[in-house]
Amino acid sequence: MAWDMQKLIRSFFASNASVTIIVLLLIMVFLMREGAGFLGTYKHELEIYRKAGLELCDLVDRPLAQHQDLSSKLRRAVTTSIDPLIQSTRARRDAAFYIKREIEQSTTLPREALTQALEKTPALDPAKLDQLRRQVASETAAAAATAAISNLFSAEEVARLRREMSLLSPEVTEMPSFLTELSAAFRVMDKEAKQKYTQLIEASDLFEEAPDSLRAMLSELKEDVLFTKEAAMEYFTLEEGRQKLLKAAEVATDLKEKADLLAEAEASKTEEPNYQENLAPVLERREELQEHITQYADSITEALKTLPKTGDVPEATKLLAEVHEHMPLHVQAMRKSLTEIKEWQAEKPVSIITVVGAFFFGSAWLTNSSWQDFFGFVPLLAGSVVIALIAIVIATPLSVAAAIYTNQFASDREKEFIKPVIEFIQAIPSVVLGFIGISLLGDLIKDMSEIPWLSGLPGFPIQERLNMFNAGCLLALMAIPTMFSLAEDALNNVPQAYIDASDALGATKLQTVFRVIVPAALSGIAAAVLLGLGRVIGETMVVLLVAGNRIAIPDFGVGPGFIFQPAHTLTGIIAQELGEVSRGSAHWQALFMVGIVLFAISLLVNGCARAVVRRFETPKA
Amino acid sequence: MSNPSSSPATSAPIVEIRDMDFSYGSKIALHDIQLAVERRRVTALIGPSGCGKSTLLRCINRMNDRVPSARVTRGAVLVKGKNIHDEDVDLTQLRKQVGMVFQKSNPFPKSIYENVAYGLRVHGENNVEVLDDAVERALRSAALWDELKDRLQAHALGLSGGQQQRLCIARAIATQPDVLLMDEPCSALDPIATLKIEELIHQFARDFSVIIVTHNMQQAVRVSDYTAFLHLGKLIEFSPTELMFERPKEKLTESYLRGTFS
Amino acid sequence: MSASLPSSSPEANPFAGNQSAVQRRETTVRWLLRLSTFFIVAVTVAIVMHILVKGLPITLRSEFPYVNVKFLTELPGTLHVIFDKQGNATETDVNGADEIKKQLGENFREEKTISYSGGGILGPIVGTALLVVVSVSVALFLGVCSAIYLSEYASKGKRVEMIRLAILNLAGVPSVVFGLFGLGAFVLSAPVLTDAPLERSLFSIPLGLTYLSFQGWDTCVLSGGFTLAFVILPVIITASEQCLQAVPHGFRETSMALGATRWQTIWRAVLPFATPGILTSSILGIARAAGETAPIMFTAALAFKDKLPWQKDLPPLPADAGLFAHWEQSVERFLGIFTESVQALPYHIYTLAARIPHNEYSERAQYGSVFVFLLLVASLAATSIWMRRRLRGKYKW
């Protein structure tokens, strides 16, 4: 009996210990349960996308999207060319208007009071109105007298500005004369400048207008196919409800209830739209569409011919060169769409491989779209990986150096101080670090990027406060305690005998550290870096708050400065979107698929860390 | 107490210890040590466990410096006539010229070649030919060359225990030191490996001075020219080995050598 | 060295070295390493100081009782800021706004509303406390039992290997994946007793009067607490096992030699000595559980709630209700605490930081909450670190 009791106790503890295995399995099971249906659902959606004809429109629409990019480049080429000519007059105009706004803002309260008093019916006592007017006048005068005026104006002009500004009042509707003069001067300048670059501007306008007719036609087609798609979606929703009702009717015991349910099911019965019939008019216009495309391609090729090859400022020359380089590719892509349209078939089945490819290699994650949702995984993965790499690149040298210093050089008093502080970092909740990124680090980096003598650094000055670099810095801080303590353990485990031998051979402390201790601890350090990487990739709150949440593959073309672009991540997308989608939808399942991938990555990183330790473990001496 | 002047002195001693006291904090570990080690001879340090023989050995290349409270409180250690605690002594240079082999073999987790070359590398030698040459010479001296010449890039920790210890010896002599300190180099080895190392020690006496700590008195007889007997931190007797083992001067020595030591 | 000894002449120094160059290199590298180390330390201190400087004025007051009682004892709400025509601003909540507007009458100029930034943060504090209580109870039970098995019962083998592997991997699972797991498992699939199983139920087992239906607990403290429990489970197991291992082997052998059974040995000769350590490390678990956001996002947390968990609307009891009815309602009220979703501090900070526009008023709520949150979590962590150091000194066998 006693023996049995012992066995029972033992198996009680054993079963508790197995909980970790069970939980790990359950995580897999539940992720699969919610996410596994994704491929099926997405396949179904893509089938409708094809059958309804949305895909046909996208065949044109997708290459056409480059037009936006190219025309914005041209517009920038125009503005950068004109800019040097008009810059000074514009700056003077803007500065004057800015002063006016400042003065008006600082005198809001009396101005508002006067305006409201004037609107009153019956009219207020004139004495009272006068008092209000005097108040406005005196405050405005005071503000005008003290307003800071930029050095763009001569002393004479400053005096004039102050004089005219001091007369501002809500009752005076016309502009102060100086402002009108400045505006007029700017207009003249602008016109002159534009005349100088007529050729460039005309080519740019030509290019901008080129796709108008194609776009118009495309949007007609889009309307048609979208109608079919929406009808299909509605049908499937109703059908699903109907199936549920039928099921309920099957198990219902009450006869009347059963009849009611059946009747309700019958009432919600609808027809699946006839895709072929709906698509027929669209397909009929296929040739017309092709004509428009050819026309568009021809007209931009024409426009390109008249487009000057160089500008007067380097920036413009660069932009023009880019346009000259990319435009033929764009034309080519448009012409390629001609054959694609011709060969396109609505009935071609969507293979499961296409669906898997669309998820794992898809370059767009587009949800809640009125057109079509796409669940492409690449932009998220790219964001996660870039941020993690930034974090590791920052954290590795810092934490390894700190581990070496603490383990080998620091005095006991320093150790007493360093170790608890670094341990403490682990206790800072990630949401607090994310908040620091929003409230402090973002501004810090942005301000720093605007320092003139740092402007040579890639990506400076930066556009966005919240970006991958910002998130990477904070994640580096999060990874440091893990990496530091694991690396320090590894250094600690280096046998004293190695150090003795090195010392006895007359090596200096530094030589001993870098030639014997660090190499001997290298596998442990490598594992520390890998585990740090795992921690960084899985981190959610910092990237959700700080990475900028722009779903796009980072534009690596801009050089190393791409790290200052915003991005979205695997973890962030789940945290951000899961709360807002309905269970069982393709979007819900897609988010669980992302979860499955994250889970797999974490297992992989863990496995690699273990393998590294095992592979490079020094044989026991 | 033996009189140091009674020890035979043909030329200037390579290591000379004068009236040295050594203590760990307030605990005195060595007291009033007088010792003059001759060039190109093997000197054995014997004595019961805890008598301070290893500490004495470690005084000669200042390996005790690392222990925070340990220091020489009186007297001096002279190597090649130079007080090694002088300000202008570069510790790395001292240790380059006073090599050391430890009780347990401790090759680095590197290749055989890198182990032997390590001492030269840390002293700034990067010329591959010089290194190749030195490695070969050191391995030959340690009687390892024939066994290992084909696998110099193999991992040192893959060698047998005896080979590892000989590799450590090769590493220590690669920098061509004048003095080689050996701290019970055979205590972890089997008799055959021990024999090989003892042979090496004999050969070494042609080129450098060897100071060996051993707890094995037969070994002291086999390898050493002179023997110093320490007891409780004091040098009891120091004389030519044969003389000491045949006719010990001190009672304490005699009882230790006879094994009637209590 | 004693000066009386003859020192050799300087030119005969056989151990001269080019010390200055070497020394310079050594010092440079050493300073580089030191600089990296202290850079990390400085950044940490700077972050904490920043929060301290910005958060202290919001939570402390210059006169008695020296803390901003309102901020700590009120529920969060929408902040209304009312401006009069002289440019004065009055802050108030939704109830006060109308009255002040009426008072101002003609003088009223404009009103700004800032979501979540008014009132205090009592709701989030209570919610986090509840989540921590549930998660730490569950994790401590499972964790200590697992540790006892691993340390006291298990012998080397496949099974133990697998458990250890599972612990390692569980520790590496991203927190947001735990959130997904909690959503799938506890919110949508955990078993409940109910009279009418929901449609989404995985399956339900009839038990006579009621059903055991696997339909989930919905978003509530229980779901969130269990999810968090598995997040901190690896930490608790590892720490507990270390504490058990630290108890000298001799204790067990002595006990066994006296004829005690294995269980008696564990209960009387091992656990009593390991308990202080286990409790200490569980404090670290508390800090971790309190700090996590992603696992509770979909399982327990709400952005806004105007009631504390126990202020649930229950039907009023009839005047002549017996003692039993009162008791029954109290029990229901108590259980209700755990089946409600709550606000939690980390999620509240997320809401404040990411979901509402920034201005001076929201910034105040942000820094106040962050300060209180960091203070709570950091003091827990500091206590744990400090106690561990003390224990290490105290228990040296």
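Trainee: Which three domains does the assignment give for chain C?

Mentor: Keep in mind that we're looking at a predicted model. The domain assignment of chain C puts domain 1 at 20-59 and domain 2 at 76-119.

Trainee: How far apart are the C-alpha centres of domain 1 and domain 3 of chain C, and how many residues of each are in contact?

Mentor: Start with the centres: for domain 1 and domain 3 of chain C they lie 33 Å apart. Then look at where the two domains of chain C touch. Domain 1 brings eight residues to that contact, and domain 3 brings eight residues.

Trainee: Which residues of domain 1 of chain C lose the most area to domain 3 of chain C?

Mentor: Between them, these two domains of chain C bury about 740 Å², with 84% of it on carbon and sulfur atoms. On the domain 1 side, three residues together make up 57% of what is buried. They are C:Ile51, C:Lys54 and C:Ile58.

Trainee: Which side chain meets C:Lys54 in a salt bridge?

Mentor: The count between domain 1 and domain 3 of chain C is one salt bridge. There is also one residue pair in polar contact between these domains, both residues at pLDDT 80 or more. The residues on the touching side of domain 1 of chain C divide into four nonpolar, three polar and one charged. In the salt bridge, the N to O distance is 3.5 Å, and the partner of C:Lys54 is C:Glu363.

Trainee: Which residue of chain B forms a salt bridge with A:Asp503?

Mentor: Across the interface of chain A and chain B there are two salt bridges, along with eight residue pairs in polar contact (both at pLDDT 80 or more). In the one with A:Asp503, the closest N and O atoms are 2.4 Å apart, and the partner is B:Arg66.

Trainee: What area is buried between chain C and chain A?

Mentor: Here the contact takes 86 residues from chain C and 85 residues from chain A. C:Leu33, C:Ile40 and C:Leu180 supply 8% of the area that chain C buries against chain A, more than any other three residues. Carbon and sulfur atoms give 76% of the area buried between the two chains, which comes to about 7500 Å².

Trainee: Which residue of chain A pairs with C:Arg34 in a salt bridge?

Mentor: Between chain C and chain A the count is one salt bridge, next to twelve residue pairs in polar contact (both at pLDDT 80 or more). The closest N and O atoms of that salt bridge are 3.3 Å apart, and the partner of C:Arg34 is A:Glu414.

Trainee: Is A:Cys57 buried or exposed?

Mentor: Compare it with the cut-off: a residue is buried under 20% relative accessible area. A:Cys57 has a relative accessibility of 1%, so A:Cys57 counts as buried.

Key: Residues are numbered from 1 along each chain as its sequence is written. Chains are lettered from A and ligands numbered from 1 in the order in which they are written. This is a predicted model: local features need pLDDT of at least 70, side-chain atom pairs count only at pLDDT 80 or more; totals for chains, interfaces and linings use all residues. Side-chain values use heavy atoms; hydrogens and water are left out. Domain bounds come from an automatic or database domain assignment. Contact means heavy atoms within 4.5 Å. Buried area is the accessible area (1.4 Å probe) that two parts lose on being put together, summed over both. A salt bridge is a side-chain nitrogen of Lys or Arg within 4 Å of a carboxyl oxygen of Asp or Glu. A polar contact is a pair of N or O atoms within 3.5 Å; within protein, one must be able to donate a hydrogen and the other to accept it, and residues adjacent in sequence count only if both atoms are side-chain atoms. Ala, Val, Leu, Ile, Met, Phe, Trp, Tyr, Cys and Pro count as nonpolar, Asp, Glu, Lys and Arg as charged, and the others, Gly among them, as polar. Buried means under 20% relative accessible area, exposed over 50%, partly exposed in between (1.4 Å probe, protein chains only).
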